[in-house]
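Please read it alongside the view below.

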Amino acid sequence: MLSATTLDNYEKLLGRLSDQSVRKHCDAYVDVAWDTPELAIEAQDPRWELPAWDELGGTGWYRAQPAAVRRGIGLHLIAGRMKVGWQFENVLQRGLLTFVEALPNHAPEFRYAHHEIIEESQHSLMFQEFVDRTTLDIPVFPLWMRLGNRPVIGSASWFPEMFFLHVLAGEEPIDYLQRKILREHAELHPLVRRLTQLHITEEARHVCFAREYLSRRVPELGPVRKALLRLQAPFVFFGTATLMLRPLPDLVRSFEIPREVLRAAYHHNPRHRQLMADSLAKVRTLCEEIEILTPRMQPVWRRLGIA
């Protein structure tokens, strides 16, 4: 049972996060000057080329392609990540609506969760607007993945700890990658830079809430639910991070990227394994603190390359 002081601190934190959402929030069509010439998306803009530190961009195969192909791959990769982000936000919003549906009156999570839903909707608008302006036909997730998302959404009402574990699995890797891109990609297109800056600012609040919720709730769970979290966590993190950090099948097919290139860039690349592990470092520490990542489960995390 949480002490009164701990509960009071938790409620104060949610109050601060909600106030920040009021004072500092983005509007997809106010805070992004979509129609200014400097933000225009031109398919042959050299700034779409992948940097050498990118796993695919650093391969000999990619560097040997004509400039038009390199730029096309880079633009397609960014648009694909925007589409994945839009679909993740969709699952998150539906899950949060399911989560708040069962909250009692005066629940401290209610107001904050609705602020986050609004912010995720703005992110969805930004991501899809970018995809539409590329004129690329990036497909949605296949039917089996969309159906597979429904239990995740439903868990927000009957097993919210599992739902927020999925939330961090999606938010942490892309937050890490976006911060890395801002730091290290000097030639980043200004539109991508602007969208990334806006997204990072608000995602910091969302990550903070999910972490605090799990820190508060998981220690109070019974042994069965804790065991379920321990068993599923490494596979949830690995699967979602893979989706966020690797090219979509549509890109691979469109540019006929050889399998051996993909294996060299991702499956057998120590730098990619390090990126996967680094992108989950904070959530891995949280899982250790709340006893989801235990010594017994450590070999599974290590085998998946996320420890």
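Predicted model: local features only at pLDDT ≥ 70, side-chain atom pairs only at ≥ 80, totals over all residues.

Residues are numbered from 1 along each chain as its sequence is written, and side-chain values use heavy atoms, with hydrogens and water left out. Helices (H or I, at least four residues) and strands (E, at least two) are DSSP runs numbered from the N terminus.

**Aromatic pairs**

- Rings of Phe, Tyr and Trp (its six-membered ring) are paired if their centres lie within 6.5 Å, with planes under 30 degrees apart called stacked, over 60 edge-to-face and the rest tilted; the count comes to 11 aromatic pairs.
- Trp48 and Phe130 have ring centres 6.2 Å apart and planes at 80 degrees, so the pair is edge-to-face.
- This pair links distant parts of the chain, with Trp48 in the loop between α1 (4–23) and α2 (60–63) and Phe130 in helix α4 (residues 108–134), 82 residues apart.
- Both Trp48 and Phe130 are buried, a term for under 20% relative accessible area, with exposed meaning over 50% and partly exposed in between (1.4 Å probe, protein chains only).
- Phe99 and Tyr213 are also edge-to-face, because their ring centres are 5.6 Å apart and their planes stand at 90 degrees.
- Since Phe99 lies in helix α3 (residues 67–101) and Tyr213 in helix α7 (residues 190–217), this pair ties together parts that are 114 residues apart in sequence.
- Phe99 is buried at 4% relative accessibility, as is Tyr213 at 1%.
- Phe99 and Tyr213 belong to a cluster linked by ring pairs, together with Tyr112, Phe163, Phe164 and Phe209.

**Nonpolar cores**

- A nonpolar core (a set of buried Ala, Val, Leu, Ile, Met, Phe, Trp, Tyr and Cys residues joined through side-chain atoms within 4.5 Å) reaches 78 residues in the largest case, where Phe130, Phe164, Phe209 and Phe237 have the most contacts inside it.
- Helix α3 supplies the largest share of this core, 11 residues.
- A second, separate core has 13 residues, including Leu50, Trp61, Ile257 and Val261.

**Salt bridges**

- With a salt bridge taken as a side-chain nitrogen of Lys or Arg within 4 Å of a carboxyl oxygen of Asp or Glu, the count comes to 14 salt bridges.
- Glu129 and Arg133 form one with an N to O distance of 2.6 Å, and both lie in helix α4, four residues apart, about one turn of the helix.
- Glu129 is buried at 16% relative accessibility, Arg133 is partly exposed at 31%, and Asp35 is linked with these two residues in a network of salt bridges.
- Arg217 forms a salt bridge with Glu161, the closest N and O atoms being 3.2 Å apart; because Arg217 lies in helix α7 and Glu161 in helix α6 (residues 160–184), the pair ties together parts that are 56 residues apart in sequence.
- Arg217 is partly exposed at 27% relative accessibility, whereas Glu161 is buried at 1%.

**Backbone geometry**

- Most residues other than glycine have a negative phi.
- Thr135, although not a glycine, has a positive phi of about 65 degrees; Thr135 is found in the loop between α4 and α5 (143–158) and is exposed, with a relative accessible area of 70%.
- Glu291, also not a glycine, has a positive phi of about 65 degrees; Glu291 is in the loop between α12 (281–289) and α13 (298–303) and is partly exposed at 45%.
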